[in-house]
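Hi everyone, thanks for making time.

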Amino acid sequence: EHGYGNALDISAFTLESGRKVTVLDGWRGEGEERRFLKQVHDVACGEFHTVLGPNADRHHRDHLHLDLQNRRSGSVYCR
């Protein structure tokens, strides 16, 4: 989907305070960062057709992959 301009990868967030939360360190990091990233992941599952994060596979250990791939079944893949 990246080749179609239909996907994006997010590796970090810079919060309003200036604090940076990375997927690589925060996914299994401190409780506050873990909760923030899990919430972002879960909300993205309602907006995008495919959401892959560190729990999906080793290729996504350091970022969230979000895309709008249309499936015949209309299903959403969130992992």
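This is a predicted model: local features need pLDDT of at least 70, side-chain atom pairs count only at pLDDT 80 or more; totals for chains, interfaces and linings use all residues.

**A helix and what surrounds it**

Let's start with helix H2, where the buried residues are Glu-33, Leu-37, His-41, Ala-44 and Cys-45. Around the helix axis they span an arc of only 110°, which places them on the same side of H2.

What sits on the opposite face? Turned away from the buried side of H2 we find the exposed residues Arg-35, Gln-39, Val-43, Gly-46 and Glu-47. As for overall geometry, H2 has 17 residues and spans 25 Å from its first C-alpha to its last, close to the 24 Å expected at 1.5 Å a residue.

And what covers the buried residues of H2? The cover includes strand S2 (12-14), strand S3 (20-22), helix H1 (23-26), strand S4 (50-52), S5 and S6.

Now to the core. The largest nonpolar core is made of ten residues: Phe-13, Val-21, Val-23, Trp-27, Leu-37, Ala-44, Cys-45, Val-51, Leu-64 and Leu-66. Helix H2 (31-47) and strand S5 (64-67) each contribute at least two of its residues, and H2 gives the largest share, three residues.

Let me pick out Leu-37. Which residues does Leu-37 touch, leaving aside its neighbours within four places in sequence? The contacts are Phe-13, Val-21, Thr-22, Val-23, Gly-26 and Trp-27.

Next, the sheet. Four strands make up an open sheet, ordered S1-S5-S4-S6, with mixed pairing. Strand S1 (7-10) and strand S6 (77-78) are the edge strands, each pairing on one side only. S1 and S5 run antiparallel and are joined by four bridges.

Two of them involve Arg-19. One links Arg-19 to Glu-32, with the closest N and O atoms 2.8 Å apart. Arg-19 is in the loop between S2 and S3 while Glu-32 is in helix H2, so this pair ties together parts that are 13 residues apart in sequence. Arg-19 also forms a salt bridge with Glu-33, where the closest N and O atoms are 3.0 Å apart. Here the loop between S2 and S3 is again tied to helix H2, so the parts joined are 14 residues apart in sequence.

Are these partners buried or exposed? Arg-19 counts as partly exposed, at 29% relative accessibility, whereas Glu-33 is buried, with a relative accessible area of 14%.

The remaining pair is Asp-42 with Lys-38, whose side chains meet in a salt bridge at 3.3 Å, N to O. Both lie in helix H2, four residues apart, about one turn of the helix. Asp-42 is partly exposed at 39% relative accessibility, and Lys-38 is partly exposed too, at 41%. As for how the bridges connect, those that share partners join Arg-19, Glu-32 and Glu-33 into one network.

Technical notes:
Residues are numbered from 1 along each chain as its sequence is written. Side-chain values use heavy atoms; hydrogens and water are left out. A nonpolar core is a set of buried Ala, Val, Leu, Ile, Met, Phe, Trp, Tyr and Cys residues joined through side-chain atoms within 4.5 Å. Buried means under 20% relative accessible area, exposed over 50%, partly exposed in between (1.4 Å probe, protein chains only). Contact means heavy atoms within 4.5 Å. Two strands pair if DSSP finds at least two bridges between them. The expected span of a helix is 1.5 Å times one less than its number of residues. The arc is that of the directions from the helix axis to the C-beta atoms. A salt bridge is a side-chain nitrogen of Lys or Arg within 4 Å of a carboxyl oxygen of Asp or Glu.
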